[in-house]
Amino acid sequence: MRGWNAAASRGTLPTHTGHSTEGPVTGAGYTLKSADWSVSRPTAARSLEALSHQGLVEKRQGSGTYVRGLAVNRRARELYGRAKQTGKIYTPGEYAVIASAGWLEAPDYVADALGLAVGARAVHRRRVTKNESGPITISTSWFGVDVGERAPKLLDPERIQEGTLMYVESMTGRQGSYAEDRMCARLATEDEATDLELELGAAVLIVHHVVYDVRDRPLEFAEATYPPGRWAFEQGYPIS
């Protein structure tokens, strides 16, 4: 699995390369079999399942499993899967810069999402994710007082290696159970344009992401900002 993971992460396997545990699958003129990597079919199946959780490959019904393009910003659920599988939330070549962290008065829409009173304080962590091409995402996570007081690293402007949500889960004992996402497009604010190195007035995609625990209580609110000219998500699904 390590060989497949490294090759898919580095981009040395062509995008949409096909993988099969049963036989060859061809994608974009490239064919790959489990035998090419000297692994058994059960090992190949487990490895592909792990890579799927990390967002590096996608399954296509009736066809096989294919390498996904690296120039796609992964959804939060794929970042969680990668963190749980590898202990790291970012792929090789990606890194986050924590722009700010600490207590702030929660904006009204954040307070509403977290079930806080208007004007209540909350812990925030604002990060800019980058790769060799420059900034690719801005994201800000917000947590209520009960979480902030039990998870002190949230106040520290240093990266949390295992990912913010996994750290919060370990410190509070509250487990993320499901999430809801809402998306819209709008013009970038001045701060967003600066951090994403865009011209003022450029369009961006905004995603509001709320994680709920097993008791249906909001655990985290996150706002992500994606630049234009870069696919934000990709998804395959059956139509029959």
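Visitor: Where does helix α6 lie in this model, and how does α6 run relative to β11?

Guide: In this predicted model, helix α6 lies across β7, β8, β9, β10 and β11. Its direction is at about 170° to that of β11. Within α6, which spans residues 164–172, the buried residues are T164, L165, Y167, V168, E169 and T172. The helix is followed by G173, whose phi is positive, near 80°.

Visitor: What is the order of the strands in the open sheet?

Guide: Six strands form the sheet, in the order β6-β7-β8-β11-β10-β9, and the pairing is antiparallel.

Visitor: What makes β6 and β9 edge strands?

Guide: Each of β6 (95–105) and β9 pairs on one side only. Neighbouring strands of the sheet are turned by 15° against each other on average, direction ignored.

Visitor: How do you know that β11 pairs with β8 and with β10?

Guide: Two strands pair if there are at least two bridges between them. Strands β8 (residues 134–143) and β11 have five bridges, and β10 (residues 203–213) and β11 have eight; therefore each of these two counts meets the cut-off of at least two. Both pairings are antiparallel. As examples, I138 has T225 of β11 as its bridge partner, and V207 stands opposite A224 in β11.

Visitor: Why is β11 described as mostly covered?

Guide: Strand β11 comprises residues 218–226, and eight of its nine residues are buried. In the hairpin of β10 and β11, four residues stand between the strands, and D216 takes a positive phi near 65°.

Visitor: How many aromatic pairs are there?

Guide: The count comes to two. The rings of Y109 and F221 have their centres 5.9 Å apart, within the 6.5 Å cut-off, so they form a pair.

Visitor: Why is the pair of Y109 and F221 called edge-to-face?

Guide: The planes of the two rings stand at 65°, and an angle over 60 degrees counts as edge-to-face, so the pair receives that name. Because Y109 lies in helix α4 (residues 108–114) and F221 in strand β11, the pair ties together parts that are 112 residues apart in sequence.

Visitor: Why is F221 called buried, while Y109 is called partly exposed?

Guide: F221 has 2% relative accessibility, which is under 20%, so F221 counts as buried. Y109 has 38%, which lies between 20% and 50%, so Y109 counts as partly exposed.

Visitor: What makes the pair of Y178 and Y212 stacked?

Guide: The angle between the planes of Y178 and Y212 is 15°, and planes under 30 degrees apart count as stacked, so the pair is stacked. The distance is 5.0 Å centre to centre. The pair links distant parts of the chain, with Y178 in strand β9 (residues 176–187) and Y212 in strand β10, 34 residues apart. Y178 is also the bridge partner of Y212 in β10, and 11 bridges join the antiparallel strands β9 and β10.

Visitor: Why is H124 called buried?

Guide: H124 has a relative accessible area of 7%, under the 20% cut-off, so H124 is buried. H124 is placed in strand β7 (residues 121–131). Leaving aside neighbours within four places in sequence, the contacts of H124 include S100, W142 and L154.

Definitions and conventions
Residues are numbered from 1 along each chain as its sequence is written. This is a predicted model: local features need pLDDT of at least 70, side-chain atom pairs count only at pLDDT 80 or more; totals for chains, interfaces and linings use all residues. Side-chain values use heavy atoms; hydrogens and water are left out. Buried means under 20% relative accessible area, exposed over 50%, partly exposed in between (1.4 Å probe, protein chains only). Contact means heavy atoms within 4.5 Å. Rings of Phe, Tyr and Trp (its six-membered ring) pair if their centres lie within 6.5 Å; planes under 30 degrees apart count as stacked, over 60 as edge-to-face and the rest as tilted. Axes are lines fitted to C-alpha atoms, for helices over the stretch in contact, and angles run from 0 to 180 degrees between N-to-C directions.
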